[in-house]
Amino acid sequence: MNPCTICGFVLHGARALWTTCQACHDRILARLDAIEEIWPRLSAALEPGRALGGQRVSGSPEPVLPLNGRILALIGPMGVPNTLYLRYADLTLARGISPASRPPGEDARLALALWGIRKHLPWAVQGTDLTELHRTAGRLADELRTVTADADTPNVPCPAELADGSRCTGRMRYDRGRNTASCRTCRTELAPGEWLDVWVRLGQPAA
Ligand SMILES: [Zn+2]
Ligand SMILES: [Zn+2]
């Protein structure tokens, strides 16, 4: 009989020689579900210049990252899609197969990573130490929750170019219900992935 590598619960019965108990297996799935559910809301939390200044939280010796910096950290090179893609790649390599190649868009990369982890998890709980996946998924879900919890309705300049080559002077408003951003002036509408791209471009000078 083995203890679960994540929680130490002693495994028995059909799982006696496995590495992961049912409760930890379920917890990993729940964390993946939470990430999938909250990820589209991250777009709504994006607003250039928001909460810049790095205020300190009392009792904390570290300056708190400005909200925009925290969001950038979730969509950057060490962000949610890349981090989970690497965990998916770990599982395929442990299984002796190659991971599907990394798609360029953040949304597509996250979708692939979630699909791949869910697909290989029933195999991985039998013989793989999933402590790192369990911890990482929990941390990412918590960070996404924190960043999206207090997001106001964002309001950023419309990126659309008009027929005469000038820039639209309207503002983009994010619609949480439909997960799109739209401009009332020119009626441009952006999907969450496009909105992330616009936001990253706008946010760069302030970063
Ligand atoms: Zn366990
Ligand atoms: Zn516009």
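**Close-up 1. The hairpin of β3 and β4 in the predicted model.** In this predicted model, strands β3 and β4 form a hairpin in which five residues lie between them. Within the turn, R187 has a positive phi of about 70°. Strand β4, which comprises residues 189–190, runs antiparallel to β3 and is joined to β3 by two bridges.

**Close-up 2. The pairing of β2 with β3 and the two faces of each strand.** Strands β2 and β3 pair in the antiparallel sense over four bridges. Among the residues that face each other across this pairing, Y174 stands opposite A181 of β3, and D175 has T180 of β3 as its bridge partner. Strand β2 has a covered face, made up of M172 and Y174, and an uncovered face, made up of R171, R173 and D175.

**Close-up 3. The packing of helix α1 against helix α4.** Helix α1, residues 22–42, and helix α4, residues 106–127, pack with their axes 11 Å apart and at an angle of about 175°; because angles over 145 degrees count as roughly antiparallel, the two helices α1 and α4 are described as roughly antiparallel to each other. On the α1 side the contact is made by H25, I28, L32, E36 and W39, and on the α4 side by L110, L114, I117, R118, L121 and V125. Sorted by class, the contact of α1 with α4 contains eight nonpolar residues, one polar residue and two charged residues.

**Close-up 4. The largest nonpolar core and the surroundings of V80.** The largest nonpolar core has 42 residues, and those with the most contacts inside this core are I35, V80, L84, A113 and L144. At least two residues of the core are supplied by each of the helices α1, α2 (67–75), α3 (80–94), α4, α5 (131–149) and α6 (192–203), and likewise by each of the strands β2 (171–175) and β3 (180–183). Helix α4 gives the most to this core, with seven residues. When residues up to four places away in sequence are not counted, V80 touches I35, W39, L74, L110, L140 and L144. Of these neighbours of V80, W39 of α1 and L110 of α4 also take part in the contact between helices α1 and α4.

How values were computed
Residues numbered from 1 in each chain as written. Chains lettered and ligands numbered in written order. Predicted model: local features only at pLDDT ≥ 70, side-chain atom pairs only at ≥ 80, totals over all residues. Axes fitted to C-alpha atoms, helices over the stretch in contact; angles between N-to-C directions. Parallel < 35°, antiparallel > 145°, perpendicular 65-115°, else oblique. Contact = placed C-beta atoms within 7 Å. Nonpolar A, V, L, I, M, F, W, Y, C, P; charged D, E, K, R; others polar. Core = buried A, V, L, I, M, F, W, Y, C linked by C-beta atoms within 7 Å. Buried ≥ 20, exposed ≤ 12 C-beta atoms within 10 Å, placed from the backbone. Pairing = 2+ DSSP bridges.
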